[in-house]
Amino acid sequence: MSSTPATSSQAGASGVAFLLQLERRLRLLQDTGEILALSAQLLGQRLGAQQVACFDIDQVLQCPTLQHAWSDGLAPGATGEYFLGDCAAGLAEALAAGQALAEALAAGQALAVSDVMNDPRTAQPAAQATFARLGIRAFLNIPIAKDGQLAALFVVHSRAARLWHADEIELAVQVSERVWSTILRAQAESRLRALSASMETQVAERTREFGRTWNVSPDLLGVLNLDGYFEHSNPAWQATLGWSAEEIRTTKFLELIHPDDLPRTHAAWDAANQGQPALRFENRYRHKLGGWHWLSWVAVPEGDKVYCSARDITVEKKLEADLAARNSERERLWRSAQDLMVAIDGEGCFAAVNPAAGAILGWLPEEMLGRSIFDFVLPEDVAATRQALLQVGKESMPSFENRYRHRDGGHRWLSWVAAIEGDLVFATGRHVTVEKEAQNTLRRMQESLRHSEMALLQSQKLEALGKLTGGVAHDFNNVLQIISGNLQLLQLGLDNDPLAAKRIASASAAVERGAKLSAQLLAFARRQPLKPLVTDLAQLLRATEELLRRATGETIETRLLLADDCWRALVDPHQLENVILNLAINARDAMEGEGQLTIELSNCVLGSDYAARHADVAPGDYVQLAVSDTGTGIPAELLDKIFEPFFTTKKEGEGTGLGLSMAYGFLRQSGGHLTVDSLPGHGSTFRIYLPRSLEAETELPLQLGGPVLGGKETILVVEDDVQVQTTVVDMLRGLGYAVLRASDGESALAIIGSGVPIDLLFTDVVMPGKVASTALARQARVLLPQLAVLFTSGYTQDAIMQGGRLEPGVELLSKPYRREDLARRIRHLLANGRHVTALHQYRAQLPPQPATAPPAGRHILLVEDNADARAMTGDLLSMLGHTVLAVGTAEEALPLLDTPGLDLLLTDISLPRMSGAELAELVAREHPRLEVVFSTGHAPANSGVLDPQARFLVKPFTVEQLQQALLPTG
């Protein structure tokens with residue numbers, strides 16, 4: 001093993017000089033290859049080595065890469081890739097031979113091998129072979145480690161074994177470190193030069209680009225100083241606002257801003273002065289030619305400058321305003337639309353619903369959002385709705401209708417149009433429930449139009465027949481009145497002549513039959529005077545049940561089926577009894593004396609649909625009375641004729657043909673309705689419908705009897721038929737009255753105006769001339785306020801009737817009438833008139849009572865239906881010192897019977913509903929201590945009061961008679 005010894009001081013000084021020389025030479029180099037080549041040459045020559053190389057090593061020391069190498073030229077095959085490959089393999093094998101060796105290199109420790117043949121670290125056969133092939137006997141490895149990792153490796157090879165001295169190793173380490181640092185410096189300087197060159201290029205390019213951008217940019221670019229002036233501005237200012245660069249430079253920027261935008265611009269300027277790094281805001285700048293442009297600014301303060309960029313957004317602002325207006329308009333339309341507008345997503349759920357949902361369906365929009373439309377569609381319409389949704393996905397859906405549930409439980413019809421946009425279906429639904437109902441109603445009306453037309457024709461025919469029969473009945477009644485009146489007068493002159501009496505009785509019976517026939521004609525014509533009362537039909541049927549059984553016979557089974565709590569009806573009970581009896585007799589005849597008659601009573605409601613099919617019916621509550629039989633029935637072709645007068649299906653001589661026509665006319669006149677259902681061989685059912693009445697039930701009026709009384713008063717008879725007039729005059733004179741006569745209204749007014757005293761006007765309703773009977777009565781009462789008026793007619797007209805009923809306060813005596821009826825009615829009217837007159841006179845005769853004097857008399861309840869008589873009697877009683885409660889009906893008096901201190905009831909007998917006699921019977925049962933005095937215009941014997949102890953005050957009465965009647969009993 002060879003070596004070249006040297007003293008320590010010499011080696012140290014020589015080494016320092018070497019390193020200084022190396023640094024001076026390396027400082028002049030910039031290229032990495034030159035640095036490595038020079039350092040390898042100098043180090044190799046200094047150490048007397050044959051080869052020096054520098055490797056870059058990877059992390060696992062498996063792939064060393066030769067960067068540069070120096071050789072003395074004597075080592076064969078030790079250059080290039082051959083040298084690199086073998087050296088790398090040898091190094092790798094050597095390193096792999098010992099983990100400690102690898103770890104030492106990685107830690108930056110130099111590795112010195114003086115003889116590879118003897119060193120245990122390189123004694124492996126494979127390594128020995130490699131070293132021998134490369135001619136390496138000794139080597140020195142100087143690692144360069146950075147951050148605990150091996151970055152590079154300096155290798156010094158020797159062909160001969162040699163001892164590596166510490167100063168040589170240190171020198172090699174110093175060289176390697178200086179070389180590595182020089183390389184890193186050179187590389188950094190190289191990169192810096194490249195970067196500098198690149199940046200200079202980029203700056204130049206950017207400067208050129210900035211210039212081009214500054215000139216061609218459509219945005220307004222400028223540099224603003226802190227005084228508020230733009231020192232620089234690009235050409236876009238003039239293109240956008242019309243101002244030149246000089247004008248911009250010499251004008252303070254705030255002078256160009258819209259006054260409304262100054263606050264926000266001042267705020268941005270203040271923020272820039274306070275150092276805010278970047279500002280974004282909008283304002284309007286004035287154009288040189290007028291008008292304003294919206295600008296969107298980005299401003300960046302830097303030092304004493306603010307660098308600004310502004311984009312002209314005038315068009316965008318206008319579009320934005322237009323869009324906002326359109327959106328606002330759409331929002332108003334959305335919110336104010338009466339149609340239902342919705343958006344439906346791909347799952348069939350509501351994505352948007354306008355407020356019309358509340359008005360149409362009762363659901364708030366938020367209650368529908370997110371829910372499936374099929375939560376609201378009626379089940380019957382679900383399939384069609386699904387199909388419509390599938391169709392709208394392919395093309396715009398034509399009009400489609402379905403039903404949606406309403407919040408109240410009902411449903412609403414909607415007519416839809418829809419179109420798809422993106423993932424949503426936009427649909428508008430028009431509320432067409434009313435139209436659908438109208439269409440349904442129209443269809444029903446069209447379906448029933450033919451029936452209605454037929455019913456109208458039938459009604460018009462019956463109306464024409466009614467007018468004809470009414471006129472016939474009027475003339476017929478006049479004839480009957482003449483015959484009846486003369487027969488009654490003849491009967492008064494009979495002197496025990498049985499044969500004449502028999503003939504008169506036979507003639508009178510014929511007159512009665514004629515009167516009944518005339519009444520039926522008037523009933524069909526709806527011209528009979530009715531006296532309707534609030535009637536309990538169930539009670540009426542029970543009262544007439546026995547009569548019906550006798551009329552139909554024992555072989556007819558009669559059944560009454562009366563519903564509980566049947567409503568009341570306003571109807572003339574006597575006329576209704578006649579109708580029911582007539583229908584029962586017709587049923588008996590149709591069953592030929594054997595079968596079943598069923599009378600049913602129930603409540604029913606007739607709706608608008610029913611009324612649409614029957615022209616004579618109004619919708620509402622009705623009481624239904626059905627009369628059914630098991631007879632032969634009526635053929636369908638005869639059903640439209642059975643209500644015509646004189647039409648009958650009976651054999652000749654078995655009927656007049658007026659029964660059903662009378663029933664039809666009476667029910668129409670009463671506001672009711674009559675129908676028939678019949679099937680030949682199975683019987684018929686007649687249904688009577690009477691309007692419901694909510695008033696209390698009316699008691700039947702008391703029928704007065706007793707002897708016929710006359711008087712001495714004066715009566716004016718107005719009758720255009722001379723024979724009727726003569727008969728009536730003779731009857732009245734036979735009763736003791738003084739009689740004046742007139743044939744028309746003008747003549748009657750002339751007699752009344754002459755000053756002749758007249759107590760009662762008896763006039764026909766149907767009068768010729770200019771003055772009608774009602775006008776005559778009004779003018780007569782103007783001349784004679786206390787005049788009593790009694791109408792008579794065989795054919796009533798609307799002049800004295802309301803809805804087929806007499807007007808309030810009208811007194812009518814229907815033709816033909818009996819002498820007894822005429823006498824009682826006149827006596828009643830004259831008595832009431834005289835009573836009122838006497839009360840006026842008595843009141844005028846009484847001295848006035850002190851206003852402060854408390855009543856010292858009795859506590860009296862006065863019941864009087866005549867308003868004048870009630871007022872005068874009440875005043876008279878008060879003036880006599882009594883306390884008075886005055887009412888017009890017994891029904892009004894009932895709640896007053898419990899009045900504290902009440903001790904006397906003074907009541908008229910003839911009252912509108914409950915009679916005075918019935919009121920007195922109730923008082924006797926429930927208030928036995930209350931005294932009762934009857935006031936009547938009839939004699940007590942004719943009053944109908946059965947109590948022998950009853951007290952009467954006969955009209956007209958004097959004050960003395962009144963005071964006597966009011967004296968306490970006992």
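**View 1. Ser935, a buried residue in strand β33.** In this predicted model, Ser935 is buried, with a relative accessible area of 5%. Its place is strand β33, which covers residues 931-936. Why does Ser935 count as buried? Because its relative accessible area is 5%, and the cut-off for buried is under 20%.

**View 2. The open sheet that holds β33.** Five strands line up in the order β31-β30-β32-β33-β34, with parallel pairing. β31 (883-887) and β34 (951-954) are the edge strands, and each pairs on one side only. Neighbouring strands of this sheet are turned by 20° against each other on average, direction ignored. β33 and β34 are joined in the parallel sense by 4 bridges. Phe934 has Phe952 of β34 as its bridge partner. Helix α24 (residues 867-879) lies across β30 (859-863), β31 and β32 (904-908). The helix runs at about 170° to β31.

**View 3. Another open sheet, with β24 and β29 at its edges.** Here 5 strands follow the order β24-β23-β25-β26-β29, and the pairing is parallel. The edge strands, β24 (738-742) and β29 (812-814), each pair on one side only. On average, neighbouring strands of this sheet are turned by 20° against each other, direction ignored. Strands β25 (residues 760-764) and β26 (residues 788-793) run parallel and are joined by 5 bridges. Leu760 stands opposite Ala788 in β26.

View 4. Helix α21 (residues 745-753) lies across β23 (714-718) and β24. Its direction is about 135° to β24. Helix α22 (residues 773-783) lies across β23, β25 and β26. α22 runs at about 170° to β25.

**View 5. Helix α16 and its kink.** Helix α16 spans residues 537-552 and has a kink of about 45°, centred on Thr544. Thr544 is also one of the buried residues of α16. Others in that group include Leu537, Leu541, Leu548 and Thr552. At the start of the helix, a side-chain oxygen of Asp536 comes within 3.1 Å of the backbone nitrogen of Ala538. Just after α16, Gly553 takes a positive phi of about 95°.

**View 6. Ile599 in the largest nonpolar core.** The largest nonpolar core has 38 residues. Which of them touch the most other members? They are Ile599 and Leu601. Beyond neighbours within four places in sequence, the contacts of Ile599 include Leu541 and Leu548, both buried residues of α16. Ile599 also contacts Arg559, Leu560, Leu561, Ile580, Leu625, Ala626 and Val627. A second, separate core of 33 residues includes Leu43, Cys54, Ala172 and Val173.

**View 7. Asp565, a loop residue with positive phi.** Asp565 lies in the loop between β17 (556-562) and β18 (568-571). Its phi is near 55°, a positive value in a residue other than glycine. Most residues other than glycine have a negative phi. Is Asp565 buried or exposed? Asp565 counts as exposed because its relative accessibility is 71%, and the cut-off for exposed is over 50%.

**View 8. Glu316 in helix α10.** Glu316 belongs to helix α10 (residues 314-336). With 40% relative accessibility, Glu316 counts as partly exposed. Glu316 and Trp294 are 22 residues apart along the chain, and their C-alpha atoms are separated by 8.8 Å.

Definitions and conventions. Residues numbered from 1 in each chain as written. Predicted model: local features only at pLDDT ≥ 70, side-chain atom pairs only at ≥ 80, totals over all residues. Heavy atoms only, no water. Pairing = 2+ DSSP bridges. Helix = DSSP H or I, 4+ residues; strand = E, 2+ residues; numbered from the N terminus. Axes fitted to C-alpha atoms, helices over the stretch in contact; angles between N-to-C directions. Contact = heavy atoms within 4.5 Å. Core = buried A, V, L, I, M, F, W, Y, C linked by side-chain atoms within 4.5 Å. Buried < 20%, exposed > 50% of the residue type's maximum accessible area, 1.4 Å probe, protein only. Bend = angle between axes of the 7 residues up to and from the residue. Polar contact = N/O pair within 3.5 Å; in protein donor to acceptor, adjacent residues only side chain to side chain.
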